[in-house]
Amino acid sequence: MTTTRRDVLSAGLAAASAAVTPSVVHAQRHDHDHQDVPSDPALRVKALESLMVAKGLVDRAALDALIDNYEHKTGPRIGARVGARAWIDAEYKKRLLKDANAAIAELGYGGTNLTVVQNTAKVHNLVVCTLCSCYPWAVLGLPPVWYKSAAYRSRSVIDPRGVLSEFGVTLADDVEVRVWDSTANLRYLVLPERPAGTSDLSEAQLAALVTRDAMVGVAKVLPPQGANA
């Protein structure tokens, strides 16, 4: 039997569809009530990945490691270092809030037209991109699935407190929520509040506490276990 290119692609699409979970909601811990069905481009990418893996052109473990590096290590670590430096150096924080690009360049990083907004006891910032999924890749790595979903992009503007609640962040009524809409020309990074009980931690130890979600604004930075409030 002769196998055509269409047959191969169809098989890849079928395999990709079977590999995708019924709901992206459960793909990550915090993907609550977001895009249920992957977009057509996502299915095509998955199909191509499946075909390349099947033909031995791509090693899936190497690909997963590469994606994990950008999503959880290289990018977020840069943002975390910026945040930790701002926590321990008041003058650096002033420069960061005034001109984020110049302040981040001081640490040897760059590549994004960025504005940093600060969370305080009375102000909580939330970042979204309502038009597509503009994201500060240079300091946070790959955007999470939920950030790109239509539900997050719309509901963050309409009901930001409700969205935050779904991520486990409950704010007092007197805390102002500010929503920042990223664009291709200007992107935002949240400087989280420094948690209590961290006065004796080093910059590196503080950076280890800062998460990607906290720098988007859908989480707070938690103190290390055993820290005194």
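Asp174 sits partly exposed in this predicted model, with a relative accessible area of 47%. Its side chain meets that of Lys122 in a salt bridge, with N and O 2.3 Å apart. Asp174 belongs to the loop between α9 (160-166) and β3 (176-181), while Lys122 belongs to the loop between β1 (114-118) and β2, so the pair ties together parts that are 52 residues apart in sequence. Lys122 also counts as partly exposed, at 46% relative accessibility.

That bridge is one of seven salt bridges that the structure holds. Side chains of opposite charge can pair when their charged atoms come close. Take Arg95 and Glu106 next: they form a salt bridge in which the closest N and O atoms are 2.9 Å apart. Arg95 comes from helix α4 (residues 90-98) and Glu106 from helix α5 (residues 100-106), so this bridge ties together parts that are eleven residues apart in sequence. Arg95 is partly exposed, with a relative accessible area of 36%, and Glu106 counts as partly exposed too, at 45%.

Now look at Glu166 and Arg155, whose side chains meet in a salt bridge at 2.7 Å, N to O. Here Glu166 lies in helix α9 and Arg155 in helix α8, so the pair ties together parts that are eleven residues apart in sequence. Glu166 has a relative accessible area of 28%, which makes it partly exposed.

Helix α8 (residues 150-158) also carries Val157. This valine counts as partly exposed, at 48% relative accessibility. Together with Ile158 and Val179, Val157 makes a nonpolar surface patch of about 280 Å².

Let's step back to the whole chain for a moment. The protein has eleven helices and four strands. Of its 229 residues, 39% are buried. The accessible surface comes to about 12700 Å², and 56% of that belongs to carbon and sulfur atoms. If you take the contacts between residues at least 6 apart in sequence, 66% of them join residues at least 24 apart.

What about the inside? In soluble globular proteins, nonpolar side chains tend to be buried together. In this model the largest nonpolar core has 47 residues, and the ones with the most contacts inside it are Leu96, Tyr147, Tyr152 and Val216. Helix α3 (residues 60-88) supplies the largest share of this core, six residues.

His124 has a relative accessible area of 3%, so it is buried. Which residues surround His124, leaving aside its neighbours within four places in sequence? The contacts are Asn119, Leu164, Val169, Leu171, Val175, Glu176, Val177, Arg178, Gly217, Ala219 and Lys220.

Is Arg212 buried or exposed? Arg212 is buried, with a relative accessible area of 11%; the cut-off for that label is under 20%. The side chain of Arg212 makes a polar contact with the side chain of Asp213, at 3.0 Å.

Arg194 is found in the loop between β4 (187-191) and α10 (203-207). With a relative accessible area of 31%, Arg194 is partly exposed. Not counting residues up to four places away in sequence, Arg194 touches Trp87, Ile88, Ser199, Leu201 and Leu206.

Finally, follow the chain from Arg194 to Val210: they are 16 residues apart in sequence, and their C-alpha atoms are separated by 9.1 Å.

Definitions and conventions: Residues numbered from 1 in each chain as written. Predicted model: local features only at pLDDT ≥ 70, side-chain atom pairs only at ≥ 80, totals over all residues. Heavy atoms only, no water. Helix = DSSP H or I, 4+ residues; strand = E, 2+ residues; numbered from the N terminus. Buried < 20%, exposed > 50% of the residue type's maximum accessible area, 1.4 Å probe, protein only. Contact = heavy atoms within 4.5 Å. Polar contact = N/O pair within 3.5 Å; in protein donor to acceptor, adjacent residues only side chain to side chain. Core = buried A, V, L, I, M, F, W, Y, C linked by side-chain atoms within 4.5 Å. Patch = residues over 30% accessible without salt bridge, like charges linked within 9 Å, V, L, I, M, F, W, Y side chains within 5 Å. Areas by Shrake-Rupley, 256 points an atom, 1.4 Å probe, with all protein chains shown as cover. Salt bridge = Lys/Arg side-chain N within 4 Å of Asp/Glu carboxyl O.
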